[in-house]
Amino acid sequence: MDRLRPRQRSVFTGFTKTELEKMEKLFMESKDDLLSKEFCQKIAKSFSCSAGRAGKPVVKWTEVQSWFQSRQQDRPTKVTSSTNESKKGSDLPDACPPIKEHGSSQEPRGEKVPDVSEMEFEARSSKDGAWYDVDMFLAHRFLDCGEAEVRVRFVGFGADEDEWVNVKNAVRERSVPLEPSDCHKLKVGGHVLCFQERRDQGIHYDAHIAEIHRRMHDIRGCRCLFLVRYNHDNTEERVRLRRLCCRPTF
């Protein structure tokens, strides 16, 4: 991978025909609060896990809520159907089917699958050890040793760059670029994600702060210098705050 790692994600491309039909039916028949966060999260999660969304970005609950808001504005008076209330649950797509790969597909007991409809992730490529934004999760599998792996597609890259990565060690919530107001939070020994500029490419690597030279901030923002040591090869470099990102564990 020899491109710059995108820090902006692509815009949501829209609902599928099936999803629109199901939301329309819910709008016409459901007596639930269609704009509540809990309800919209349930719908978003069910869509994201459905077979029809395989290979597409996950649906965020705010996107579902926005659709219902627009629908209510188009039709202020909601029509209540006489359909049996017990059939409401059948309007939601089935849960994610297990994906069988080389290892066992049985999930370890006691593990709770989090709601990922609002989260953005990054994954570490096995090709260069750098971290890239995840565009979508394509499949998952459980190895014989019990560890989970997911097949990811990176933002800005095609299917030929898809990789299987270890969930525990190579997937995490997306790191966030630091702002000048975050400067005081950085301490020697702290872990960061640093944008490493090379002659022919620029990519993000894990690093920790070895030294900080505090300087007065001005109209341009933070003027401090940070000596970082990259974790993958122990090389050091002095960088400005704009090249640092806050890791989830920060």
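Modeller: Y132 is buried, at a relative accessible area of 1%; buried means under 20% relative accessible area, exposed means over 50%, and partly exposed is in between, computed with a 1.4 Å probe on protein chains only. F157 also counts as buried, at 9% relative accessibility. The model is predicted, so local features need pLDDT of at least 70 and side-chain atom pairs count only at pLDDT 80 or more, while totals for chains, interfaces and linings use all residues. Residues are numbered from 1 along each chain as its sequence is written, and side-chain values use heavy atoms, with hydrogens and water left out.

A search of the whole structure finds 6 aromatic pairs. Rings of Phe, Tyr and Trp (for Trp, its six-membered ring) pair if their centres lie within 6.5 Å; planes under 30 degrees apart count as stacked, over 60 as edge-to-face, and the rest as tilted. One of the pairs is F39 with F68, which is tilted, with 6.1 Å centre to centre and 55° between the planes. This pair links distant parts of the chain: F39 is in helix α2 (residues 37–49) and F68 is in helix α3 (residues 61–74), 29 residues apart. Helices (H or I, at least four residues) and strands (E, at least two) are DSSP runs, numbered from the N terminus. Both F39 and F68 are buried.

Y132 and F157 form an edge-to-face pair, with 5.6 Å centre to centre and 90° between the planes. Y132 lies in strand β2 (residues 131–142) and F157 in the loop between β3 (148–154) and β4 (163–166), so this pair ties together parts that are 25 residues apart in sequence.

Ring pairs also link F39, W67 and F68 into a cluster.

Next come charges over rings. A charge sits over a ring if NZ of Lys or CZ of Arg is within 6 Å of the ring centre and within 35 degrees of the ring normal. R141 lies over the face of W164, 3.9 Å from the ring centre. R172 lies over the face of W131, at 3.7 Å from the ring centre.

As for the cysteines, a search of the whole structure finds 0 disulfides, a disulfide being a pair of cysteine sulfur atoms within 2.5 Å. For C183, the nearest cysteine sulfur is that of C224, 3.7 Å away, and C183 is in no disulfide. C183 counts as buried, at 4% relative accessibility. C245 is in no disulfide either; its nearest cysteine sulfur, that of C194, is 8.6 Å away. C245 counts as buried, at 4% relative accessibility.
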